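Hi,

Here is the structure I promised to pass on. Could you have a look at it alongside my notes below?

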Amino acid sequence: MILGCHVQMKAPDFVEGSVKEALSYKADALMLYTGAPQNTKRRPVEEMHVSQARALMEENGIPMDRMIIHAPYIINPANSIKPEVAELAVEFLEKELQRTAAIGAKYMVLHPGSYTTADLETGIATAIRRLNAVGDYPENTVVCLETMAGKGSEIGYRFEQIAQILEGVSHPEHFGVCFDTCHTNDAGYDLRDFDAVLDEFDHVIGLSRLHVIHLNDSKNAMGARKDRHANIGQGTLGFDLLRSIAANERISGIPLILETPYIGGRPPYGEEIAMLRSGVYTPLE
């Protein structure tokens, strides 16, 4: 059970500080943005304490493939309505991939995007075209398309849509999947029979393409298509189900990343990780 969480990346320690935060929760994986997710402003990698972060991870026995990079929200490869948005998606995605490689991370999680005022099939076709327009996928980097909730005009909320994108990209070796439990529940998959969901995922996409899991409870009923994360044990999925998912042998070796809400202005990750490891639920306050 490889448990991690979404950590901050800020001055003065930057990536080194991200690793320190993850270690403070007794995590053995982490996920971070390389800058603000809402804009393109980025510091040079040389200023981000990367060598110190790598040394700290090595010292604590955490391989670099457990440092997950999350692409910023402003990258929308499915937008066919605004050419400038599509151009930004290609240009900035390529830069983020270069930064991921420079940091030494392997996996970058990417939302497949939204078709806005077009339609689903146009959105999927546009996403494929934009992902194929990226000029350089650095060696040993993998873009993990995230399973989405189906909110608004999102694409990628059904496994078949993710599979369609994976089948259309020119460099399939650089693509995989991030499975989000909240999103998948909200999209209508019944996680109470997680093995059946994994069977369907394996049939449609292939379990070999699954590299990251976002382990989140949901505030919504199955199929609500709303995407509202809840803390572990405080949503409609519940602690016992999420703990059984985390302990499922079929996904052993895959980093499980918590993206649950802060409680009282502070992250609950240390307590949630401890609960998942012990199998004993304690309500968070």
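Asp190 and Arg192 make a salt bridge, with their closest N and O atoms 2.8 Å apart. By salt bridge I mean a side-chain nitrogen of Lys or Arg within 4 Å of a carboxyl oxygen of Asp or Glu. Asp190 is partly exposed at 29% relative accessibility, while Arg192 is exposed, with a relative accessible area of 66%. (Buried is under 20% relative accessible area, exposed is over 50%, and partly exposed is in between, using a 1.4 Å probe and protein chains only.)

Before going on, a word on where this comes from: it's a predicted model, where local features need pLDDT of at least 70 and side-chain atom pairs count only at pLDDT 80 or more, although totals for chains, interfaces and linings use all residues. Residues are numbered from 1 along each chain as its sequence is written, and side-chain values use heavy atoms, leaving out hydrogens and water.

Back to the charged pairs. Asp195 forms a salt bridge with Arg250, and here the closest N and O atoms are 3.0 Å apart. This pair links distant parts of the chain, 55 residues apart: Asp195 belongs to helix α7 (residues 194-204), and Arg250 lies in the loop between α8 (239-246) and β10 (256-258). Helices (H or I, at least four residues) and strands (E, at least two) are DSSP runs, numbered from the N terminus. Both ends are partly exposed, Asp195 with a relative accessible area of 34% and Arg250 with 35%.

Another one to look at is Glu271 with Arg266, a salt bridge at 2.9 Å, N to O. Glu271 is partly exposed with a relative accessible area of 32%, and Arg266 is partly exposed too, at 36%.

Now the cysteines. The structure has zero disulfides, a disulfide being a pair of cysteine sulfur atoms within 2.5 Å. Cys5 is in none, and its nearest cysteine sulfur, in Cys178, is 14 Å away. Is Cys5 buried or exposed? It's buried, with a relative accessible area of 0%.

Cheers
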